[in-house]
Amino acid sequence: MPDLAHKKKPIIQCRNVTKTYVVGDHEVHALRGVDIDFYAGEMTAIMGPSGSGKSTLMNLIGALDTPTSGSLLINGEELSALSSDQLADIRNETIGFVFQQFNLLGRASALTNVKLPLRYSRKHITDIHDRAEECLKMVGLGERMDHKPMQLSGGQQQRVAIARALACSPAVILADEPTGALDTKTSIEIMELLVNLGKQGITVILVTHEQDVADYAHRQLRFRDGQLVSDERRSS
Amino acid sequence: MKIKVAFQSALESLITNPLRSFLTMLGIMIGVASVMAMMAISEGAAQQVDAQISALGANNLTIRPGADRRGGRSSGAASATPFTDKIVERLKQESFAVAVSATNRGSVTVVSGQQNWQTSLYGVNTDYFITQAWQTTEGRLFDEGEEKSGRAYAVIGQTIADTLFEGTNPIGQRIRVNNVPLEVIGILEKKGQSNFGGDRDDIILIPISTARNRILGADPTTGKHVSTMEVSVTDNYDMALVQSQIEDILRDLRRISPGDADDFRVFNIADFIRARSSTQATFGILLAFTAAVSLIVGGVGVMNIMLVSVTERTREIGLRMALGARKADILGQFLIEAIALCFLGGLIGSVLGIGAAKLAANLGDFPVNVSMSIALIALGASVAVGLFFGYFPARRAAKLNPIEALRHD
């Protein structure tokens, strides 16, 4: 990866982002002023102990939530100014989610699972079926499109989830502990798949607490107590 | 909301969970089935009543001797003096009278060959055929001359023909009624069951003079007695007015002093049937209401299971939101699930209800009437129930916070 990647215009821009939850009668400061830029094609790992604020940051970047204060721009759009419908559209068009537990619809085929985000798209996608097939082929599951999640291994299920994340051609893929439920060998396959997506220009952001998973990333961010404590780029 | 996607998601979810779908629609199914069955049965009963009224002749007044005992009054009860041919002839002169029948009825044993049968024998004048709208399928009715001269003729009902003659032609054959031989000259057309449960075809009609002279016997006090009269009233006459006119004529003829009670009764059988049918209608409405309550209970059942389903599928809802579903998309999906379940339940329920009504009709031998409009109303009602009871769970699903929903297990 060229060193100059971070000099480009950032795809996600966090400026003094805070997030405060009210639990009962006291406030929990999950994020206390975070400034980060994420650049296109740069694979970034977010690390930190639980309660450090990394999940909160992921939720904000994923447009699942809005910051309490500060500015968060995704693809040039200010998140805190958006309605819930507009946030849904951002999630659909710009973000692809990959979860630790895959979160596939258990009774639907791999193909139907991949079609899901395409159906919710406001863009007029003429052939949902073809696009879903294309995505499954990209992750190497062209032969198992009609299988249901139960008939697939954990690694294959996570590939279906990645195909689903790719369906609407997102700029960003958010992977929350993508290998957390997989064995070592399968983990390596999944990480290589994600690295490949990064090479195609997709910004892959992953949350993990495993160092060897984080080592696949070009950049490692560490959080503690709602603040960014280190930001390291791997020298290639 | 993307309607097509909502439909797609809803139907996929229903098909992939057949047991849950079936259990959810069970209540609606039973509700609609009972509405349909009840409506079909009560409509059928109403139709039967209409048919009976028209068969009886809505314009007929029946006159019987004996006091009106309503209200516990029994003055004049002793005088159950029958009417006479004279009274019948007098009433025939009135302009309101199309026909005035005279009837003497008795219970007799009829014998033909080795067969014998207990039945009702009616000694009648020829006007009886008009007031009762009797016609023959075979042979003929007796005429006025034959009636007056007391010929030993009999016109028999279909039941008698079937029982005594079993396939052979009864016309011209002899039967013996209380040991009096009679010649069968006609067979009456079939009328079926009466409103009061009797078989209207289990009947023998003979000239009233023959009945008086040879079979039922004459009343020693009055001679040519008549126990029941029936007056067919010309169309467009006010029945109540005619009734009071007849009462006046009879009081005069029977010399009842002013202030004394009538020793006869004039009544309209159609009124009795109408009164009875209005009771039936009330009963039918009550049943339909009960059934409607079960439809609402079914709706509450849908709501309950949908609420459970929303909780159970919280993660799925969170996922759909993460993938870009708007609140309205989620609302639409669950609403359509509820409506589709209720519609399908209503459809299956309609079929079951109609089937149940038809089955009951076969077993219980009463008519049912399945009308398309009731089926449509029942379907419409189940869709409305789905919309109403589906909204709350659907709104709850749409209001879920995606982050919490995704974390739910």
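Predicted model: local features only at pLDDT ≥ 70, side-chain atom pairs only at ≥ 80, totals over all residues.
Figure 1. The strands concerned are β3 (residues 44-47) and β8 (residues 203-207) of chain A, which pair in the parallel sense over three bridges. Both belong to an open sheet of six strands, whose order is β6-β7-β8-β3-β9-β10 (chain A) and whose pairing is mixed. At the edges of this sheet stand β6 (95-98) and β10 (227-233) of chain A, each of which pairs on one side only. From one strand to the next, the twist averages 20°.

**Figure 2. Helix α5 of chain A across strands β6 and β7.** Helix α5 (residues 154-166) of chain A lies across β6 and β7 (172-176) of chain A. The helix runs at about 170° to β6(A). Leu174(A) is in contact with Met58(A), Ile61(A), Gly62(A), Ile95(A), Phe97(A), Val98(A) and Ile205(A), when its neighbours within four places in sequence are left aside.

**Figure 3. The loop residue Phe102(A).** Phe102(A) lies in the loop between β6 and α3 (110-120) of chain A. Although Phe102(A) is not a glycine, its phi is positive, at about 65°. Phe102(A) is buried, because 23 other C-beta atoms lie within 10 Å.

**Figure 4. Helix α1 of chain A and the residue Ala63(A).** Helix α1 (residues 54-61) of chain A is largely enclosed by the rest of the structure, because seven of its eight residues are buried. The buried residues of α1(A) are Lys54(A), Thr56(A), Leu57(A), Met58(A), Asn59(A), Leu60(A) and Ile61(A). Just after α1(A), Ala63(A) takes a positive phi of about 60°.

**Figure 5. The four-stranded sheet of chain A.** This open sheet has the strand order β2-β1-β4-β5 (chain A), and its pairing is antiparallel. Its edge strands, β2 (26-38) and β5 (77-78) of chain A, each pair on one side only. Strand β4 (residues 69-74) of chain A is joined to β5(A) in the antiparallel sense over two bridges. In this pair, Leu73(A) stands opposite Glu78(A) of β5(A).

**Figure 6. The hairpin of β3 and β4 in chain B, and the pairing of β4(B) with β9.** Strands β3 (residues 97-112) and β4 (residues 115-124) of chain B run antiparallel and are joined by 10 bridges. Val111(B) stands opposite Asn116(B) of β4(B). Two residues lie between the strands of this hairpin, and Gly113(B) in the turn has a positive phi of about 60°. Strand β4(B) also pairs with β9 (residues 203-207) of chain B, in the parallel sense and over five bridges. Here the bridge partner of Leu121(B) is Ile204(B) in β9(B).

**Figure 7. The loop residue Ala133(B).** Ala133(B) is placed in the loop between α4 (127-131) and β5 (136-139) of chain B. Its phi is near 50°, a positive value in a residue other than glycine. Ala133(B) counts as partly exposed, because it has 14 C-beta neighbours inside 10 Å.

**Figure 8. Nonpolar cores of the model.** The largest nonpolar core has 125 residues. Ala163(A), Leu174(A), Met36(B) and Ala338(B) are those with the most contacts inside this core. Helix α2 (residues 18-56) of chain B provides the largest share of the core, 13 residues. A second, separate core has 47 residues, including Val108(B), Ile204(B), Ala211(B) and Leu216(B).

**Figure 9. The side of chain B that touches chain A, with the domains of chain B.** In the contact between the chains, 17 residues of chain B meet 19 residues of chain A. On the side of chain B that touches chain A, α1 (3-16), α10 (314-322), α11 (327-364) and α13 (402-407) of chain B each supply at least two residues. Helix α10(B) gives the most, with five residues. By class, this side of chain B has eight nonpolar, three polar and six charged residues. Chain B is divided into domain 1 (3-52 + 274-407) and domain 2 (82-253). The centres of these two domains, taken over C-alpha atoms, are separated by 56 Å.

Definitions and conventions: Residues numbered from 1 in each chain as written. Chains lettered and ligands numbered in written order. Pairing = 2+ DSSP bridges. Axes fitted to C-alpha atoms, helices over the stretch in contact; angles between N-to-C directions. Contact = placed C-beta atoms within 7 Å. Nonpolar A, V, L, I, M, F, W, Y, C, P; charged D, E, K, R; others polar. Buried ≥ 20, exposed ≤ 12 C-beta atoms within 10 Å, placed from the backbone. Core = buried A, V, L, I, M, F, W, Y, C linked by C-beta atoms within 7 Å. Domains from an automatic or database assignment.
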